[in-house]
Each structure stands twice: as C-alpha cells, then as structure tokens.
Amino acid sequence: MNLGMNVNVNMNMNKNNNESGDNKNNKIKGQDKDKEQKDSKEELRKKTDLQQVGEMAEKLDTLMYLTFQYLVATSSSNVKTPRQLYKMILSTFDSVIITTHRSKFVQFVILFLCGLDGEQHANSSTNSSANNHDQQQQLQQKQHQQQQKDHDDEEQSMLSREFAAKLIDLVLDPFRAIITRQSAACYLASFVSRSRFVCASTACEAVSAILRFADAYMEAYPTEASARNARKNMAGDAGNADQNSKVVIHSLFYTVAQAAFYIMCFRGKECIEHYEKAVVYHSSIDHSQENDDDDDDHILLYSDPELIDISLNRWTTLCSHHLTPLKFCLESVRGEFLLLSDRFDLIESTLLGRLIIQDRKMASGLSTGKKKIKRASSIRTAATLERRRISGGVGGLGRGSNPLDSFFPFDPYLLRRSYTFVDPYYRHWEGS
C-alpha cells in the first residue's frame, strides 16, 4: 500500500517537474522571440533612418546643383557679376548661415562665388597684359612689378580678400555675441585654408590679425590668478571654477587661437615663405630709400612685415601662456601644428619639446609613447573625402579629443553631383 502511494507521489512530482521545465523553456523561447522581433524592428528603423537621410542628401544635392548651375549661367552671361551675386547672398549669410551651428553645404555658395571672381580676375589680368604690349617703357616696368605681385599672390580673388576681411571684422567686433564671433573665427580659418583663390599674403594677414586679438587677450589675463578670478566671478564660487568653466569663459580666446593654428596647418609653408620674403624685401627697400628720394611711384610687392607677423616670438608667446591654448585644440590640429613648428622652427625648442611630450600624453588611444603620424594621401572624389574625413587628419573632423566642439564649415564637400562645381576652387588637405 505504502509502496503504491510512493510510486504515485513520485510520478506526480516528475509530472510537475516536467511541466515546470516546459514552462521555463517556453518562457525562454518567448523571450528569444521577443528579442528577435525587437532587433528586427531596430534594424528596420535604422534602415528607414538611413534611407531618409539618403533621400534628404539627394534632394539637397539636386538643389545645390541647380543653384550652382544658375550662378554659372548668370555670371557667364554678364547678367550679374560674382560680386553682385555675393552682395545678394551676404545678408542671408549674416542672418542665417553663420548663426546656424554646423550648417551643411549652403555656405559653399560663398566659396564658389569667390572662385568665380578669382577666375574672372585672372582672365582680365591676362587680357590686360596682352592689350598693353605696346605701351611705353616706364609703364611696362610698373606692370612688370605688378605682374610679379600677381604671380606671388597666385591669382588673388579680390572677393575672397573681401570676405576674409569681413570675417576678421566679425571676430574682432566686441558688440557681437561671443557665439557669433566664435563662428566667424571657424569660418575664417576654414575659408582661408580651403579656398584656392586666397593668396599667401591674405592668409598671413588673417593669421596676424587674429593673433593680435590673442595678444590683447593674454595681456588682459597676465597671470593664472587673474584667470582664476574671472572663473570665480562667472561661476559664482570657487567650487565650479574647473577646467570646463575655463573653456567656457575663455572660449573665444581658445577658438581664435585654434583658428590661427588651423590656418597654419594648411597654409603654414606658404605663409612662412611669404613672411620671410616680405622681411627681406622691406629690408632692401629701407636701404634703397636712403639713397633714392624718388619713391612716389614705387609699387610694394609685399605687405609691411608687422602686418603679417607670424614670427617665432608670437607663437612662442601664445603657446607658453598659462591659458595653454594648444591643450584645448582639436587633437589633430594640435598634433599637426606641433609637427609644423618642429619643421619650421615656429616655437622655441625647449617649449616645443615640452609641448610635444604633453601632446603625447593627451593623445587618445595610444599604446606607446611614440605618436603615430599618418601620411596624407591624395583626395580626388567625394567618397574618398568622406573616408578621410571620418578616419582622421586635420583635413576633416579628425580623431581624438575636441574640447571646443569644433566645426569647420568648409570641410570636404560630400554631395556627389554638385561636388563638380566646388572642386576647381577647393584646396584639399595635402599635409604640411
């Protein structure tokens, strides 16, 4: 009797265990199915988002293509000059484009018009030179001097120079909002670096102008104590006066300094050679003026060196200041500028060595003490531009830290159809 009861109890227990196991298996299967459905929905959502982005990019590409097409047709038929078209767009640039954070592609209309103006300027200079072939000897000599200047300026676009000057004025305008002045600094750095029709002289003047602002700013904060007091006053108490508040309070200074570094990364070799030629040229002019009083008709081939000063002392003063502007740069800009400084002796050697060591410590993702420097490669298509922009290098977004949330509005143009309009006037990253 007892044996029969035990058998029944064991059978019931086994039955319950089996049912419990089946329930667990069904629950696990249900969870797996829910997870698969969730993953499938997430994947579908991502595909839908990508499809929408692709469709938007195609529409934007078509709109930009039609815009460039209209600008070419209008300027080539002499209905309006590139300068007149530029004036029409300028109010929109001031009110909408420059105030839009991370604006995409629309700003390239300005670069394109400056390129068209540069082309027309170069063609008119060539035609003028041919028509003046039979003029008097004295006039030919003056033209020869001017042609030398034109050659050195590499077909300078007067519209490019005007746009650069406008951006410099915005950066230096104390009545403008700081965010607008920061944006203007980014536009200036990107435009001067990327536009083929911005000559070395204009690049030097742009760098020197924003360095003058940096000099004045450093004089306003000569000691670490003065900078700390500024942070305390802004933060309300010493507890909030950390590195983040330092970046916020001195953000304009850091952005302007980075703009100078960025231009040098792209145009450093040209700028240094131009500045050195200007120093030698004006030195020879000073000597000749002592022996020649008739200088009224002399055409200056180079700007006053003080106006384009990018000498070692300026960079050493900037990089040795206690606000440490290089520390808060985009990582790729900092690394490239230090490489340039080492190659062309822009910074005093002891300070440069210290900065290089600091850069290696700050660099992200390094497994060894030696910083790896990628070789720049030629960039020919929109697809390779995108790859380069994502993978690193100062020519695009770059990899590594970006304390200022930097944005350079003339980074590589990635719309496939309309890219062909931009490319002839665009300077690609080639390394320093």
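**Exercise 1. Determine whether Asp405 is buried, partly exposed or exposed, and identify its salt-bridge partner.**

Solution. Step 1: Asp405 has a relative accessibility of 40%. Step 2: the classes are buried, under 20% relative accessible area, exposed, over 50%, and partly exposed in between, computed with a 1.4 Å probe on protein chains only. Asp405 therefore counts as partly exposed. Step 3: a salt bridge requires a side-chain nitrogen of Lys or Arg within 4 Å of a carboxyl oxygen of Asp or Glu. Arg102 meets this criterion with Asp405, their closest N and O atoms lying 2.6 Å apart. Step 4: the two residues are 303 apart, with Arg102 in the loop between helix 2 and helix 3 (108-131) and Asp405 in the loop between helix 14 (382-391) and helix 15 (419-422). Helices here are DSSP runs of H or I with at least four residues, numbered from the N terminus. Step 5: Arg102, at 31% relative accessibility, also counts as partly exposed.

The model is predicted: local features need pLDDT of at least 70 and side-chain atom pairs count only at pLDDT 80 or more, whereas totals for chains, interfaces and linings use all residues. Residues are numbered from 1 along each chain as its sequence is written, and side-chain values use heavy atoms, leaving out hydrogens and water.

**Exercise 2. State which parts of the chain the salt bridge between Glu162 and Arg83 ties together.**

Solution. Step 1: the N to O distance between the side chains of Glu162 and Arg83 is 2.4 Å, and they form a salt bridge. Step 2: Glu162 belongs to helix 5 (residues 158-172) and Arg83 to helix 2, so the bridge joins parts 79 residues apart in sequence. Step 3: Glu162 has a relative accessible area of 26% and is partly exposed; Arg83, at 30%, is also partly exposed.

**Exercise 3. Compare the span of helix 2 with that of a straight helix, and locate its kink.**

Solution. Step 1: the expected span is 1.5 Å times one less than the number of residues. Step 3: helix 2 has a kink of about 35°, centred on Ile89. The bend at a residue is the angle between axes fitted to the seven residues ending there and the seven starting there. Step 4: the buried residues of helix 2 are Pro82, Leu85, Tyr86, Leu90, Phe93 and Ile97.
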